[in-house]
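Subject: Structure for your review

Dear colleague,

Please find below the structure that I promised to hand over. My notes on its helices, its sheet and some individual residues follow it.

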Amino acid sequence: MAWITKNSAGMKIEKRSEPYLSETLKARFRSEILPRYETSMGALLPTLHAVQHEHGWLPHQALMEIADFLSLTPAEVIDTASFYEEYWLRPKGKRLIAVCRSIACEFCGQPEITEAIKARLGIDVGETTDDGEWTLVEVECLGSCDSAPVMLVDEKLHEWLTPAEAVKRLDEKPIGSASSHGLHG
Ligand code: FES
């Protein structure tokens, strides 16, 4: 595997005046998260989760604010957040498509499914549509190899897919929604 390097030194970091960790959020973390852990390092993962849940992803500024809040170094927070795939360090769409790319699914036609979704949305794997609606990722085994190929759309598993079926599933209503956020046209 080749290392992918990026120009961190020349990277522009977005900053906004309103903090991501509002006083209300911090008060909630003090009462609900911190008492459950002996060290602030122990509280880091749930704090990252909570901030991501609040904002949909983890902007760099939010990571700095978390470091400050937990009295950790920025490096400790960034190392942790970038280690786990569950943390989003780039903006994520309102809805997430996760296509399984592991061996059983790959063997049963996953590459064509990914291609069909890419063509339908006009984005590549790892990208988000311009309207902020959809993000497409590929993930490792979803534990449903017997019904390969599969994908998750938000929390819902879709099995025995064909490329046409996969694209059609994007028009289904999101779980828990009264109105469709699907694709039309
Ligand atoms: S390989 Fe796709 S679910 Fe296991």
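This is a predicted model: local features need pLDDT of at least 70, side-chain atom pairs count only at pLDDT 80 or more; totals for chains, interfaces and linings use all residues.

Overall composition

The protein chain contains seven helices and four strands. Read from the N terminus, the order of its elements is α-α-α-α-β-α-α-β-β-β-α. The chain has 185 residues, of which 21% count as buried. Among the contacts with a separation of 6 or more, 55% are between residues 24 or more positions apart.

Helix pairs

Two packed helices are described by the angle between their axes and the distance between the axes. For helix 3 (residues 60–70) and helix 4 (residues 74–83), the axes come within 8 Å and the crossing angle is roughly 125°. These two helices are therefore oblique to each other, and the crossing of helix 3 with helix 4 is right-handed. On the helix 3 side, the contact is formed by Leu63, Met64, Ile66 and Ala67, and helix 4 supplies Pro74, Val77, Ile78 and Ala81. Sorted by class, this contact comprises eight nonpolar residues, with no polar and no charged ones.

Helix 3 also packs with helix 2, at an angle of about 140° and with the axes 11 Å apart. Helix 2 and helix 3 are therefore likewise oblique to each other, and helix 2 passes helix 3 in a right-handed crossing. Here Leu44, Thr47, Leu48, Val51 and His55 of helix 2 meet Ala62, Ile66 and Leu70 of helix 3. The classes in this contact are six nonpolar, two polar and no charged residues.

Strand 1 and strand 2 run parallel and are joined by six bridges. One of the residue pairs here is Arg95 with its bridge partner Trp134 in strand 2. Strand 1 (residues 95–100) and strand 3 (residues 151–153), by contrast, run antiparallel and are joined by three bridges. Between these two strands, Ile97 has Val153 of strand 3 as its bridge partner, and Val99 stands opposite Met151 of strand 3.

Loops and individual residues

Most residues other than glycine have a negative phi, and most peptide bonds are trans.

- Ser71 has a positive phi, near 55°, and is not a glycine. Ser71 lies in the loop between helix 3 and helix 4, and counts as exposed because it has 9 C-beta neighbours inside 10 Å.
- Trp160, also not a glycine, has a positive phi of about 45°. Its place is the loop between strand 4 and helix 7 (163–169). Trp160 is exposed, with 12 other C-beta atoms within 10 Å.
- Pro149 is joined to Ala148 by a cis peptide bond, with omega about 0°. Pro149 is found in the loop between strand 2 and strand 3.
- Gly56 is in the loop between helix 2 (44–55) and helix 3. With 14 C-beta neighbours inside 10 Å, Gly56 counts as partly exposed. Its C-alpha atom is separated by 8.3 Å from that of Gly93, which is 37 residues away along the chain.

Yours sincerely

Key: Residues are numbered from 1 along each chain as its sequence is written. Two strands pair if DSSP finds at least two bridges between them. Axes are lines fitted to C-alpha atoms, for helices over the stretch in contact, and angles run from 0 to 180 degrees between N-to-C directions. Angles under 35 degrees count as roughly parallel, over 145 as roughly antiparallel, 65 to 115 as roughly perpendicular and the rest as oblique. A crossing is left-handed if the near helix is turned anticlockwise from the far one by less than a right angle, and right-handed if clockwise. Two residues are in contact if their C-beta atoms, placed from the backbone, lie within 7 Å. Ala, Val, Leu, Ile, Met, Phe, Trp, Tyr, Cys and Pro count as nonpolar, Asp, Glu, Lys and Arg as charged, and the others, Gly among them, as polar. A residue is buried if 20 or more other C-beta atoms lie within 10 Å of its own, exposed if 12 or fewer, and partly exposed in between; C-beta atoms are placed from the backbone.
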